Amino acid sequence: MPHRLYIVATSGLAKETAQLADAICRVTPLWDEIAYISQDRKEIGRKLPFGVVVGTDELLIAAAESIDVAIGIGAPTARKRVAQALTQYSHLRFPNLIHPKALVDPDWVRLGIGNAVAAGCVMTCDIEIGDFNLFNLNVTVAHDARIGSYNVFNPSCNVSGNVQIDSEVLAGTGSQVLEKLQIASRCMLGAGAVLTRSCDVEGTVLTGVPARPRT
Ligand SMILES: CC(C)(COP(=O)(O)OP(=O)(O)OC[C@H]1O[C@@H](n2cnc3c(N)ncnc32)[C@H](O)[C@@H]1OP(=O)(O)O)[C@@H](O)C(=O)NCCC(=O)NCCS
């Protein structure tokens, strides 16, 4: 049986997650094969970039040995739902996928499990990050940031020093979070927004420069 990494989902973000795993394997061959898991049995056998759809969640749950799983979902709430469902099974492992061209020094950045860090990301020092976050291409995270779980940072988002982000936050592409700010759970920061004030109301959608709650 090849040592596989299973990507949960078959969307564009799932394909990009497979590509991230493939880039890691070119430097450190952690897996022999990448395979996809679909919610839809009809997708079994479908060829996607970097791998084939091999089964549904049932395949993961029924596995007799420990297996590595990555969640290829880019919507924070769905990422959380799937992560919470699968972490109940102790034989499923959720490695952090860190692209070889990301700068993340493990001495200075504490990561939980199941995080994905794409090419071009830079994280500096004294940073704490929870579980199942997605840092898409070229995201930066500065000193002393505290980031919870299930957050999704779209490409080129910049998180400044001493920022605190709860969980399930979506930070749109090119968004900026200025230093020392706090963002409550499930907030959405629109593409290109510049956050200049903390937002402590969960689920607020903020857009513009400076970012303001959408009415
Ligand atoms: C802010 C956001 C979450 C709102 O999503 P939504 O509720 O579906 O918003 P809609 O598309 O219905 O737009 C509603 C209004 O907000 C405006 N709007 C949407 N996104 C905006 C943004 N980032 N900045 C400024 N205005 C924005 C729309 O123009 C529209 O204005 P109108 O009512 O005057 O026409 C979303 O637009 C966004 O920016 N998501 C991030 C996307 C991203 O990062 N994509 C990259 C993927 S890798």
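Mentor: Let us begin with the largest pocket, whose lining draws at least three residues from each of domain 1 (4-95) and domain 2 (96-204), the domain bounds coming from an automatic or database domain assignment. This is a predicted model, in which local features need pLDDT of at least 70 and side-chain atom pairs count only at pLDDT 80 or more, while totals for chains, interfaces and linings use all residues. Residues are numbered from 1 along each chain as its sequence is written, and side-chain values use heavy atoms, with hydrogens and water left out.

Trainee: What counts as a pocket, and which residues lie nearest the centre of the largest pocket?

Mentor: On a 1 Å grid over the protein atoms alone, a pocket is an open set of points where a 1.4 Å probe fits, with protein on both sides within 12 Å along at least five of seven lines, and lining residues have an atom within 4 Å of a point. Here 13 residues line the largest pocket, and Glu16, Gln19, Leu20, Ala118 and Leu137 lie nearest its centre.

Trainee: Which helix gives the most to the lining of the second largest pocket?

Mentor: A helix is a DSSP run (H or I, at least four residues), numbered from the N terminus. For the second largest pocket, helix H3 (residues 76-86) gives the most, with four residues, whereas in the largest pocket the largest share, six residues, comes from helix H1 (residues 12-27).

Trainee: Which residues line the second largest pocket?

Mentor: Its lining includes Val8, Ile37, Asp57, Arg81 and Ala85.

Conventions. Helix = DSSP H or I, 4+ residues; strand = E, 2+ residues; numbered from the N terminus.
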